[in-house]
Amino acid sequence: MTTVVPFASAVLITALVGIAAVLSNRLGEWLALPAPALFLVGAAVASDIWPELGTVPISAVEHVATVALAIILFDGGMQIGWRRFRSAAGAIVWIGVAGTLVTAAALALAAHLIFGLDWRIALLLGTALAPTDPAVVFSVLGRREISGRSGVLLQGESGANDPVGIALLIALLGATTFNGSAVLHATTEFGLQMLVGGAVGIAGGLGLLWFMRSVPLPAAGLYSLRVLMSALAIYGAATLAHGSGFLAVLVAGIVIGDQRAPYKADIARFHSALANLAEIVVFVLLGLTIQLSGPHGIGEGGAWLIGLVLAVLLTLVIRPLLVGALLWKVRLTRGERGFVLWTGLKGAVPILLGTFIVHAGVADSHRAYAIIFIVVAFSVIVQGGLVPVLAARLGVPLRVVAPEPWGVGVRFRHEPQELHRYRIAPGSVADGSTPADLHSGEIWISLIIRDGRLVAGAADTTLHAGDEVLVILPDSEVPAHISAIFTERKPEPPTAATT
């Protein structure tokens, strides 16, 4: 009995912290402060008040953050899906790879020239701070969803540059010197990780899709767990094959993202909630492992000043100039371009890479970890706090996604091949049309969901952008022109040529 009371106290405290974490987004709305900032700063203050909270080994933080990031990236891949990825694949890959490399190089140069940091720690620090984080972006936006091309680009860039940054840092940590042969070895290692990780991700995603569709399970709750365990298995297999496990889970998520499978909606909700929890855990761990004062605190070697200067340079100079140049040919409005360049927020990946640096025993690693804390804190609090205001100023379309706690569901023993669900895009053929205009031998609109309410698909009901429609098609394979009716802006009429 002597151990029951302390254990119950620990369970109670953990549960209360978990409840507070679940309510954090609502609290962040009240305080006009991004929820991740609450975890980061709150945990850092708590570990200074109660030092025993800060005794978490850095290796444990590394392991937990690795699993958390694999979950976050897999969920990010599922949210993107193959169709959305394909619409901006070239731009996503271009800024995901090239953007990470030029940002890391510029940050390393600034850290070396301005603050005199050794080239090795400067390169590691620049690489750790180069990737962005989609989970933080959408946590900052709360219940608002980015519409248009900028949303796909932001989410895709964040997913793509995370594996790139991780693979690059691992390659740099493996190099003991920085001569020509070491650079060649690091480049080869980086390329191998990308190639193997991508191949395992495609194969693993296709295998998982077959597994989801072909092997039934005895209980509905097991389907989500099966996908989770399979995603972690893909990460492990790619890593053991000397590839990027993080790229593999991202690619696998993209492969299955918009494919139909049993209990797919339940699986997506489960992984979205798990990714949110993983992000919370990573920010809390960073806060607990950083010291606001003491020998390894943010004051060590002027870490707070270095972090603040690098954060400002990254936000106002490096990303706008370098990533902006890479985006020059990408089709975006001026407002969308400015929004994408501002919203390169830092999150779980710099934290994980900071643990890699400390765990490797690199000289000056504790100061680098403190610098990462300052940059991440600045990014989440300052950049993140201004994201909604900036979106409104730049005219970036944001759609408020209201919770829909009630649902009407119909379960089928076999996949309903002919039933499909679409959200009507602004300016599409369906926007402003009626079901009578669209009904033909190819499609039949059976139900309309508008503002969380069911609307009967009467022949004279006018459809609006944002409506969700259930469409019955005669064939299981959906022709591209049918999907385009609901999801793509209709082409502008040709203008008369002038002479």
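This is a predicted model: local features need pLDDT of at least 70, side-chain atom pairs count only at pLDDT 80 or more; totals for chains, interfaces and linings use all residues.
- Helix α10 covers residues 221–240, and its 20 residues should span 28 Å at 1.5 Å a residue. The C-alpha atoms at its ends are 30 Å apart, which agrees.
- Quite a few α10 residues are buried, including Tyr-223, Arg-226, Leu-228, Ile-234 and Tyr-235.
- Helix α11 (residues 245–257) has 13 residues, so at 1.5 Å each you'd expect a span of 18 Å.
- How many of the 13 residues of α11 are buried? The count is 13 of 13, so α11 is largely enclosed by the rest of the structure.

**The sheet**

- Four strands make an open sheet, lined up as β3-β6-β4-β5, with antiparallel pairing.
- At the edges sit β3 (419–423) and β5 (453–456), each of which pairs on one side only.
- Going from one strand to the next, the twist averages 25°.
- Strands β4 (residues 444–450) and β6 (residues 468–472) run antiparallel and are joined by five bridges. Take Trp-444 as an example: its bridge partner in β6 is Ile-472.
- What holds paired strands together in general? Strands of a sheet pair through backbone hydrogen bonds.

**The nonpolar cores**

- The largest nonpolar core has 118 residues, and Phe-74, Ile-256, Leu-310 and Leu-327 touch the most other members.
- Helix α16 (residues 365–394) supplies the largest share of this core, with 14 residues.
- Another core lies apart from it; this one has 14 residues, among them Leu-438, Ile-443, Leu-473 and Phe-486.

**Aromatic rings**

- Searching the whole structure turns up four aromatic pairs.
- In one of them, the ring centres of Tyr-422 and Phe-486 are 5.0 Å apart and the planes are at 10°, so the pair is stacked.
- Tyr-422 belongs to strand β3 and Phe-486 to helix α18 (residues 480–487), so this pair ties together parts that are 64 residues apart in sequence.

How values were computed: Residues are numbered from 1 along each chain as its sequence is written. Side-chain values use heavy atoms; hydrogens and water are left out. Helices (H or I, at least four residues) and strands (E, at least two) are DSSP runs, numbered from the N terminus. The expected span of a helix is 1.5 Å times one less than its number of residues. Buried means under 20% relative accessible area, exposed over 50%, partly exposed in between (1.4 Å probe, protein chains only). Two strands pair if DSSP finds at least two bridges between them. Axes are lines fitted to C-alpha atoms, for helices over the stretch in contact, and angles run from 0 to 180 degrees between N-to-C directions. A nonpolar core is a set of buried Ala, Val, Leu, Ile, Met, Phe, Trp, Tyr and Cys residues joined through side-chain atoms within 4.5 Å. Rings of Phe, Tyr and Trp (its six-membered ring) pair if their centres lie within 6.5 Å; planes under 30 degrees apart count as stacked, over 60 as edge-to-face and the rest as tilted.
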